[in-house]
Amino acid sequence: MRDHNFTTEHNARHLWHPMGHPADSQANPPKIIVGAQDSSITDIDGHTVVDAVGGLWCVNLGYSNNVVKDAISKQLYDLPYYSAFAGSTNPPAIEASYLVREMFADDGMSRVFFTSGGSDSVETCLRLARQYHRLRGEPTRTKYISLKKGYHGTHFGGASVNGNNRFRINYEPLLPGCFHLPSPYTYRNPFNETDPAILAQLIAQSFEDEIAFQGANTIAAFIMEPIQGAGGVIVTDASFMKLMRDICDRHGILMISDEVITGFGRTGDWSGARHWGVKPDMMSMAKGITSGYFPVGAALVSDKVAEVFENDTTGEGAIFHGYTYSAHPVGSAAVVATVNETLRLDTKTNAAARGQQLYEGVQKLAQKHDIIGDVRGGHGLMMGIELVSDATNKTPMDGAMMKKIHQTAYENGAMVRLGMHNILMSPPLVISPAEIDQIINALDVAFGSV
Ligand SMILES: Cc1ncc(COP(=O)(O)O)c(C=O)c1O
């Protein structure tokens, strides 16, 4: 590894960073993170902070899980790679599929298709949804419905169902046949409705209206995050996902629950769908599936979907879709170790308790700081704080101020994430009460600095 001077000198010179302007990264070089332990990260200058981001909503087990690290290292020596395209497989992939299926059996899931990450998993679900309908003799079902403010990754399919225009406009035209409903976002919505249960009903009515307009027999799937993450941690009313499930059932539309963030305990339950008492037809997973230690994702399908593929005798049920790194042996070893550790540590229980602590702490900050327009959380370790420069008019806080708040929080002990004028938090699920307090204190100083 090159020395400190080389690293800082070349920072962002040759590397284009995702989700940022290349010129901005050059003008304001990113923080260089060199180490991590438990729920903390350390930068190249030796500054250590609690990681309220959890890497990127993914380091659920914290940074020091040696069981997962050892499993990865051992597998690298046993079998670093072999293809899992039909015709060959490997033992960790077989075990990983068994464990993941078992973990999500209560959600009705029965088969697992491994991918390299969340965008791949979403893409897999979208494609398999169309194929499912073709196999059942309804090839006209090709469209997708989703929610504004949703985030479903950056492949063309996922970007087409995404509900934030900053991930869309520069890459248009996107996939035809994708339509969006309002987000269950009580702070701002086209109905000016602040009651979450009424808003849920209004969006359900919009869904019915859209189906009537498009024709149910043209719609393949509805995709949603149980709690919208990157869009600002938008927590729905408890009735919302059930309402949408019911509508999907009545119109033969598959429900895809995008669990890339919410899967593996983050909401305080093993899945976001289970948190709301819903059984989807498909689930997209990633992140917590390996705690971020190795890039792996998975698309899960229910019995209902699996049967249609497995009972096909025409040959059309063949899945001509997949990735070089699908069911990667090292990734699969990471999945096996992560699932076992996740269950052993029962991370969902700590996520629920620490999530409540964080939520209550931020609600107290909201009483003190006028710039806090909306506080969203209280369902596990997902937290969104929407900042405004004028509370009455709900004027979004400008970018320069957001950066200042971010830096001040960092200097005072917490790495948080910015999503436009929102502060987003998703710390490791193993975080301690003292570390949650440290995040709240750092935010208190940061909010007081503007
Ligand atoms: C809900 C959701 N779906 C899909 C994705 C895309 O996952 P990836 O970045 O691993 O491709 C993300 C990423 O944050 C996500 O939050």
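This briefing covers the overall fold, the ligand site, one loop histidine and some backbone details of the structure above.

The model is predicted: local features need pLDDT of at least 70, side-chain atom pairs count only at pLDDT 80 or more, and totals for chains, interfaces and linings use all residues. Residues are numbered from 1 along each chain as its sequence is written, and side-chain values use heavy atoms, with hydrogens and water left out. The protein chain contains 15 helices and 18 strands. Helices (H or I, at least four residues) and strands (E, at least two) are DSSP runs, numbered from the N terminus.

**Overall fold**

- The radius of gyration of the protein chain is 22 Å, which agrees with the value near 22 Å for a compact globule of 450 residues. This radius is taken over C-alpha atoms, and the globule rule is 2.2 Å times the number of residues to the power 0.38.
- The C-alpha trace spans about 65 × 60 × 40 Å along its principal axes.
- Of the 450 residues in the protein chain, 53% are buried. Buried means under 20% relative accessible area, exposed means over 50%, and partly exposed lies in between (1.4 Å probe, protein chains only).
- The protein chain has an accessible surface of about 19400 Å², and carbon and sulfur atoms account for 53% of that surface. Accessible areas come from the Shrake-Rupley method with a 1.4 Å probe; for residues, only the protein chains shown count as cover.
- Of the contacts in the protein chain between residues at least 6 apart in sequence, 72% join residues at least 24 apart. Contact means heavy atoms within 4.5 Å.

**Ligand site**

- The residues around the ligand are Gly117, Gly118, Ser119, Tyr151, His152, Gly153, Glu225, Asp258, Val260, Ile261 and Lys287.
- A ligand oxygen atom lies 2.8 Å from a polar backbone atom of glycine 118, and a ligand oxygen atom lies 2.6 Å from a side-chain N or O atom of serine 119.
- A ligand nitrogen atom is 2.7 Å from a side-chain N or O atom of aspartate 258. Taken alone, the ligand exposes 390 Å², and the protein buries 81% of that.

**Histidine 47**

- Histidine 47 sits in the loop between β2 (40–43) and β3 (48–51) and is partly exposed, with a relative accessible area of 27%.
- Apart from neighbours within four places in sequence, histidine 47 is in contact with Ile41, Thr42, Tyr410 and Glu411.
- Histidine 47 and tyrosine 410 are 363 residues apart along the chain, and their C-alpha atoms are separated by 9.2 Å. A polar side-chain atom of histidine 47 lies 2.9 Å from the backbone oxygen of tyrosine 410.

**Backbone details**

- Glutamate 172 and proline 173 are joined by a cis peptide bond with omega of about 5°; proline 173 is in the loop between α7 (156–161) and β6 (178–181).
- Serine 291, not a glycine, has a positive phi of about 55°. Serine 291 lies between β11 (282–285) and β12 (297–302), in a loop, and is buried at a relative accessible area of 0%.
- Methionine 420 has a positive phi near 55°. Methionine 420 is in the loop between β17 (417–419) and β18 (422–425) and is exposed, with a relative accessible area of 55%.

Methods: Near = heavy atom within 4 Å. Polar contact = N/O pair within 3.5 Å; in protein donor to acceptor, adjacent residues only side chain to side chain.
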